Amino acid sequence: MSKEEALQYLQLRKIDAKQAAQIYELVGGRMIHLKTFADEMMANTKFESMCSISMENRFGFSPFFTDVRIGMLSDAKTQLEIANVLPHDSYHKEGATIIRELLEKGSISSDRYFDLLGPEVGNMLLETNVFAQHFSLETITFQSTLIAQACKQNLAYWKE
């Protein structure tokens, strides 16, 4: 969904505009990630109100917000692990090549992707849901904004 729709959804879920913008930056417009984050935030809000505790830092964010963010990035890193593209994994070199290009350009052509990886490795990595193939556009992107953020957070993994 678009940024405007995602922010509107989060605000309907009673998440303030500042936190909604940060959530969107982390997960993009992918509904399942937006819903997961909103559900976790709402569960924490109920807990805080039951305890009459306000656990906000000087920036107005609860430690729980940070915990949810860390948890979601950890899940994305697990997806990279499943794809065997982390350092010392069997497809690190190939995965790092694509990840570097996607971080720099946002998308690459399907032809370039398969030229770099070959059909066997290229298809195998697509099956792990780290990358997505857009047939109508003939491009490859990250499967989600969350995966892209996890890759950005671990830039050292992808250096040549």
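1. A definition to start with: a salt bridge here is a side-chain nitrogen of Lys or Arg within 4 Å of a carboxyl oxygen of Asp or Glu. With that in hand, you can look at Arg13, Lys35 and Asp39, which are linked in a network of salt bridges. By this rule the structure has 4 salt bridges. Please keep in mind that this is a predicted model.

2. Glu101 deserves a look of its own. It is buried, because its relative accessible area of 11% falls under the 20% limit. One of its salt bridges goes to Lys105, with the closest N and O atoms 3.4 Å apart. Lys105 and Glu101 are 4 residues apart in helix α5, so about one helical turn separates them. Glu101 also forms a salt bridge with Arg112, where the closest N and O atoms are 2.4 Å apart. Since Glu101 lies in α5 and Arg112 in α6, this pair ties together parts that are 11 residues apart in sequence. Arg112 is partly exposed, with a relative accessible area of 37%.

3. Now to the inside of the protein. The largest nonpolar core has 42 residues, and Leu80, Tyr113 and Phe131 touch the most other members. Several elements supply at least two residues each, among them α1 (3-12), α5 (92-105), α6 (110-127) and β3 (139-142). The largest share, 6 residues, comes from α4. Beyond four places in sequence, the residues that Leu80 touches include Val85, Ile99, Val130, Ile147 and Trp158.

4. Which residues of α1 are buried? They are Ala6, Leu7, Tyr9 and Leu10. These residues cover an arc of only 160 degrees around the axis, so they lie on the same side of α1. The face turned away from that buried side carries the exposed residues Glu4 and Leu12. Just after α1, Lys14 takes a positive phi of about 70 degrees.

5. The aromatic residues are worth a visit too, with 4 aromatic pairs in the structure. The rings of Tyr113 and Phe114 have centres 5.0 Å apart and planes at 90 degrees, so this pair is edge-to-face. Tyr157 and Trp158 form another edge-to-face pair, at 5.7 Å centre to centre and 85 degrees between the planes. Tyr113 is buried at 0% relative accessibility, while Phe114 is partly exposed at 22%. Trp158 is buried at 1%, whereas Tyr157 is partly exposed at 23%. One aromatic cluster is made up of Tyr113, Phe114, Phe131 and Phe142.

6. Finally, a word on confidence. The protein averages a pLDDT of 86, and 87% of the residues score at least 70. Where pLDDT is low, the predicted coordinates should not be read in detail.

Methods: Residues numbered from 1 in each chain as written. Predicted model: local features only at pLDDT ≥ 70, side-chain atom pairs only at ≥ 80, totals over all residues. Heavy atoms only, no water. Core = buried A, V, L, I, M, F, W, Y, C linked by side-chain atoms within 4.5 Å. Buried < 20%, exposed > 50% of the residue type's maximum accessible area, 1.4 Å probe, protein only. Contact = heavy atoms within 4.5 Å. Arc of directions from axis to C-beta. pLDDT = per-residue confidence, 0-100. Phe/Tyr/Trp six-rings, centres within 6.5 Å; stacked < 30°, edge-to-face > 60°.
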